[in-house]
Amino acid sequence: MQQRIDKATATLRSWVQQNSAFKEAADLYQDIFVITEQALSKIKPALVFSAELVAQTLNKQMPILASNQSFPIDPKDFRDITTQIGEAFSRASQKEFPYQKLLALPQFSDENLANLLPLLLQNQTDFIVDFAQNSSYNLEAVYLYVQSIITPFVTATAKPYYQSILQKGHGNVCPFCGSAARYAVLTKKNGGRELFCALCHSRWSTLRITCCYCGNSDAQTQSIFYLHNDAGRRADVCFKCRRYIKTSNERLLGYEVIPEIEDVITMELDAIATKEGLSKEG
Ligand SMILES: [Zn+2]
Ligand SMILES: [Zn+2]
């Protein structure tokens, strides 16, 4: 755990050294990373799946976790994590982040906690949009908060199956939770392409020249762009569905990356893609 924290911290710090405008973001994501790592050493999986079910669902290309499946979260663990991450948000923006008000919504109450993940997986997130509108808080920040507080629980539950997911998982969505891929890595070990899920941190193998959102494999309608000073990190663009996914090339970078940190330090790629009218998922 400490090794991962040190590596994430070093990567974020060197990013800020190149551009001090990212300091606030780097501080926040570093806090979220540390809180998540520490939580993972404590919290237990919310659900346990048999080896048979895991093998069956992976074979059928179905997510191991059904989107409507009740997902029990320990209320005490939840309070600890929501408070720690809420305080990190307040520190980063130097004003009170209204997480207590958000958590007062019925969707976050102890008795409804088991339904929280199903709501998110089924995109029933109007309550988050309404909250952001009524609190004048940036919707993206509120989404990031909600994702950050649920991720440790989903990750702790997915973790026992990471090896199976990496070996047998394939397709365009996360083999564990069914979310769209958030980030891609070309691996140091074999140059293969792995997709990464931001919600449960699963990784799975996929074809190199196929859009992971629409399945387009025609090279003519795909493109890549880089930032001028960083050949190891790029965005793969599909003009068929006008979406993109960011990618780190470990062989060019010379080390194994932490995808959730790569996702942060490549924000400039997102800015360029957004200007071009491209969108992403996950
Ligand atoms: Zn997932
Ligand atoms: Zn596409």
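How many Å separate the centres of domain 1 and domain 2, taken over C-alpha atoms? The separation is 21 Å, and this tour begins with those two domains.

**Before you start**

This is a predicted model, in which local features need pLDDT of at least 70 and side-chain atom pairs count only at pLDDT 80 or more, whereas totals for chains, interfaces and linings use all residues. Residues are numbered from 1 along each chain as its sequence is written, while chains are lettered from A and ligands numbered from 1 in the order in which they are written.

**Stop 1: the two domains**

Select residues 2-153 for domain 1 and then 170-275 for domain 2, which are the bounds in the domain assignment of the chain (such bounds come from an automatic or database domain assignment). Where they touch, 18 residues of domain 1 are in contact with 15 residues of domain 2, two residues being in contact if their C-beta atoms, placed from the backbone, lie within 7 Å. On the domain 1 side, helix H1 (2-18), helix H2 (23-40) and H8 each supply at least two residues, and H1 gives the most, with six residues. The residues of that side of domain 1 divide into 11 nonpolar, five polar and two charged; here Ala, Val, Leu, Ile, Met, Phe, Trp, Tyr, Cys and Pro count as nonpolar, Asp, Glu, Lys and Arg as charged, and the others, Gly among them, as polar. Helices (H or I, at least four residues) and strands (E, at least two) are DSSP runs, numbered from the N terminus.

**Stop 2: H1 against H2**

Next, select H1 and H2, which pack at an angle of about 175° with their axes 10 Å apart. Axes are lines fitted to C-alpha atoms, for helices over the stretch in contact, and angles run from 0 to 180 degrees between N-to-C directions. H1 and H2 are therefore roughly antiparallel to each other, given that angles under 35 degrees count as roughly parallel, over 145 as roughly antiparallel, 65 to 115 as roughly perpendicular and the rest as oblique. To see where they meet, show side chains including Leu-12 and Trp-15 in H1, together with residues of H2 that include Tyr-29 and Phe-33.

**Stop 3: H2 against H4**

H2 passes H4 in a right-handed crossing (a crossing is left-handed if the near helix is turned anticlockwise from the far one by less than a right angle, and right-handed if clockwise). Among the residues that meet are Leu-28, Ile-32 and Ile-35 in H2, and Ile-81, Ile-85 and Phe-89 in H4. The contact of H2 with H4 has nine nonpolar, one polar and three charged residues.

**Stop 4**

Now select helix H7 (residues 126-135) and helix H8 (residues 139-158), which pack at an angle of about 135° with their axes 9 Å apart. H7 and H8 are therefore oblique to each other, and H7 passes H8 in a right-handed crossing. In H7, Ile-128, Val-129, Phe-131 and Ala-132 meet Leu-139, Val-142, Tyr-143 and Val-146 in H8. By class, this contact has eight nonpolar, no polar and no charged residues.

While H8 is selected, pick out Tyr-145, whose place is in this helix. Is Tyr-145 buried or exposed? With 23 C-beta neighbours inside 10 Å, Tyr-145 counts as buried, since a residue is buried if 20 or more other C-beta atoms lie within 10 Å of its own, exposed if 12 or fewer, and partly exposed in between, with C-beta atoms placed from the backbone. Leaving aside its neighbours within four places in sequence, Tyr-145 is in contact with Ile-85, Phe-89 and Tyr-99.

**Stop 5**

Turn to Asn-123, in the loop between helix H6 (116-121) and H7. Asn-123 is exposed, with 8 other C-beta atoms within 10 Å.

Most residues other than glycine have a negative phi. Select Gln-61, in the loop between helix H3 (51-59) and H4, where phi is positive at about 60° although the residue is not a glycine. Gln-61 is partly exposed, with 13 other C-beta atoms within 10 Å.

Finish at His-201, in the loop between strand E2 (193-196) and strand E3 (203-206). His-201 also has a positive phi of about 60°, and His-201 is buried, with 24 other C-beta atoms within 10 Å.
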